[in-house]
Amino acid sequence: MTRRDVDSLLRDWDEVARTARTPAPVLQAGRVRVRGHGLSVLPLLVVAAVVVAGIAVFARSAGGPGGGATPGASAAAIAPATGSVDDGTLKLSLSADRGTYAEGEAIDAVATLEYLGQGAELTIFTALDQVVFNVAEVGGDRQAGGGARQSCNLHTLTRGEPVPFPWVKGAAYVPGDPAFAFAEWYATSGSRLRLPAGTWRLSATFEGAEGDCGPSTHTLTAEIVVTVVPATAASAGPTPGT
Amino acid sequence: MRFGRVGRELGVVISVAMLIDADARPASAYAALWPDVFRFALSWTNDWAAAEDLAQEAFARLWRHREALDWTEPVLPWLIVTTRRLAQDRFRSIRRRLLAGPASRPASLDAGVADRWLDLRDALATLNPLERTALVMTAVDGRTYEEAKVLLGTSAGALRAAASRARRKLEDAR
């Protein structure tokens, strides 16, 4: 190979590399961690306002007609919602930072995958999007989700080190087709998860194979249910609790 | 895939995304720098699917560390170092796959481009990651050795030697 051939090879590398498409971002909703000490006044006020608003939302949705909140103690509205499932080798969990949200508010959900086996690590073959997320309306027919890429990749899971997967939107739909109206809205309404008022089942599904690319030997789905209340309820002032 | 533990620590966890300026910066970095990170990962691993995966993983880490990062500094070196470490962590796994059988076409590429890529991949397979990356960063991307050394955390002399070795290996091939 001459020097010119090498230069040609490198130019070709450049051209091919430029065809790579930047995938949809995996960046997700923000999360602020506020510790129990060292707080400045502003974060304290923000925390107080959010807690008061959350209590007000719950009180209104639980006590008023058509509120749609999941029955339970008020703590359920602001406590994290978590669901998990395992098959003895892998554990998949899905959590949101609260059980109740206001309409239009970003829902900060994240799945984690953990290797539970006896070895130090597990090598597993999966599609590039190892965890696929779906939303489905409880008591309704609106749903959206899926959209995993089909390439097969190796991943190594280390025992005791849960791997986080922030919520990533994906959906199959026919643009403009009313039958897919919700899925289209879901897929095109920004990268952060926001839902209309209602009760929603959020799910994360992991499929992976040990040994080589091929039929999945691990299929896990973790679910949680969150309630989304109308924005007007969320913006209302505090009301006496029940 | 080796991610750090991100578990929720004790404390009150709330979503106040609109208050966090930092949230916009990883998104901007993603849009601006994904091609650079991917190209680095591609030259380092010589594996298209692994490069896509590594680039995604590097940005996922950037997202998780967004509050701890010094955003007044360029973020590309952080991403390159992270990508390189991720690639090294998985070197054994990637090598096992590369040795496992004939290369398959990357699913994200059109057939014609995928075939071109497989030819390039074979041609560059004789180079080690540093040789390939030194050559790509300087001869293809047009970076100086001084610029490249900052991204790769090595000396300009080592990079010059690696790029020279890479050219010699390619010229001696066939």
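Accessible areas come from the Shrake-Rupley method with a 1.4 Å probe, and for residues only the protein chains shown count as cover. By this method the accessible surface of chain B comes to about 8,200 Å², and carbon and sulfur atoms account for 54% of that surface. The model is predicted: local features need pLDDT of at least 70, side-chain atom pairs count only at pLDDT 80 or more, and totals for chains, interfaces and linings use all residues. Residues are numbered from 1 along each chain as its sequence is written, chains are lettered from A and ligands numbered from 1 in the order in which they are written, and side-chain values use heavy atoms, with hydrogens and water left out.

Chain B contains 8 helices and 1 strand; helices (H or I, at least four residues) and strands (E, at least two) are DSSP runs, numbered from the N terminus. Along the sequence the pattern of chain B is β-α-α-α-α-α-α-α-α. Of the 174 residues in chain B, 51% are buried, where buried means under 20% relative accessible area, exposed over 50%, and partly exposed in between (1.4 Å probe, protein chains only). Among the contacts of chain B with a separation of 6 or more, 66% are between residues 24 or more positions apart; contact means heavy atoms within 4.5 Å.

Two residues of chain B may be examined individually. N46(B) lies in the loop between α1 (24-45) and α2 (48-64) of chain B. The phi of N46(B) is near 60 degrees, a positive value in a residue other than glycine, and N46(B) is buried, with a relative accessible area of 5%. V136(B) belongs to helix α6 (residues 129-140) of chain B and is buried, with a relative accessible area of 3%. Leaving aside residues up to four places away in sequence, V136(B) touches W13(A), S43(B) and D141(B).

Helix α1 (residues 3-18) of chain A packs against helix α5 (residues 111-123) of chain B at an angle of about 135 degrees, with axes 10 Å apart. Axes are lines fitted to C-alpha atoms, for helices over the stretch in contact, and angles run from 0 to 180 degrees between N-to-C directions. The angle makes α1(A) oblique to α5(B), given that angles under 35 degrees count as roughly parallel, over 145 as roughly antiparallel, 65 to 115 as roughly perpendicular and the rest as oblique. The contact involves L9(A), D12(A), W13(A), E15(A) and V16(A) of α1(A), and V113(B), R116(B), W117(B), L120(B) and A123(B) of α5(B).

Chain A also holds an open sheet of 5 strands in the order β4-β12-β11-β7-β8, with mixed pairing; two strands pair if DSSP finds at least two bridges between them. β4 (100-102) and β8 (143-145) of chain A stand at the edges with a single partner strand each, so one side of each has no neighbour in the sheet. Within the sheet, β7 (residues 131-137) and β11 (residues 198-208) of chain A run antiparallel and are joined by 7 bridges, and V131(A) has F206(A) in β11(A) as its bridge partner. Helix α4 (residues 181-188) of chain A lies across β7, β8 and β11 of chain A, at about 40 degrees to β8(A).

Strand β3 (residues 90-96) of chain A has 6 of its 7 residues buried. Strand β2 (residues 81-86) of chain A pairs with β3(A) in the antiparallel sense over 6 bridges.
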